[in-house]
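Hello,

Here is the model I promised to pass on to you. My notes follow below it, and I hope they are handy when you open the file.

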Amino acid sequence: QHDSDPQGGAAPTSTWSPGRVISDAHPLAVAADAPPGAYRLVVGLYEAETGHRLRLLRNGPDSVQADSITLSGVRVIQ
């Protein structure tokens with residue numbers, strides 16, 4: 001779990017526009033005893049004032065509404 005403003009507050013979502021790519025690094029601590037292998041990482045955005053998750057929209061033939069995305073195949077190597 002890690003929460004922070006986009007780019008440490010330098011890229012507030014109110015300045016985002018469609019198609020713009022925002023790069024934002026977040027530290028990810030893995031327990032020392034976690035077995036090596038593939039894991040899923042779930043990412044989402046929320047309103048800081050209310051805690052309500054923001055809806056994500058994907059347009060096109062696979063139109064989807066969700067409040068998170070899942071990155072699969074994240075590898076832990078020891």
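**What I found**

Pro 36 sits in the segment before β1. With a relative accessible area of 55%, Pro 36 is exposed (exposed is over 50%, buried is under 20% and partly exposed is in between, with a 1.4 Å probe and protein chains only). Pro 36 and Arg 75 are 39 residues apart in sequence, while their C-alpha atoms are 7.4 Å apart in space.

Before going further, a word on the source. This is a predicted model, in which local features need pLDDT of at least 70 and side-chain atom pairs count only at pLDDT 80 or more, whereas totals for chains, interfaces and linings use all residues. Residues are numbered from 1 along each chain as its sequence is written, and side-chain values use heavy atoms, with hydrogens and water left out.

As for the fold, the chain has four strands and zero helices, so reading from the N terminus gives β-β-β-β (strands are DSSP runs of E with at least two residues, helices are runs of H or I with at least four, and both are numbered from the N terminus). Of the 78 residues in the chain, 6% are buried.

The phi of Gln 7 is near 50 degrees, a positive value in a residue other than glycine. Most residues other than glycine have a negative phi.

Now the pockets. The largest pocket has a volume of about 1300 Å³ (on a 1 Å grid over the protein atoms alone, a pocket is an open set of points where a 1.4 Å probe fits, with protein on both sides within 12 Å along at least five of seven lines; lining residues have an atom within 4 Å of a point). The volume is the space filled by probe spheres set on the points, which are joined across faces, edges and corners. There are 34 lining residues, and the closest to the centre are Asp 24, His 26, Val 43, Gly 44 and Leu 45. Strand β1 (residues 37–43) gives the largest share of this lining, three residues. By type, the lining has 18 nonpolar, 10 polar and six charged residues (Ala, Val, Leu, Ile, Met, Phe, Trp, Tyr, Cys and Pro are nonpolar, Asp, Glu, Lys and Arg charged, and the others, Gly among them, polar).

The second largest pocket has a volume of about 160 Å³. Its lining includes Leu 28, Tyr 39, Arg 40 and Val 74, and β1 and β4 (69–76) each supply at least two of the lining residues.

Finally, back to Val 43, which is found in strand β1 and is partly exposed at 36% relative accessibility.

Best wishes
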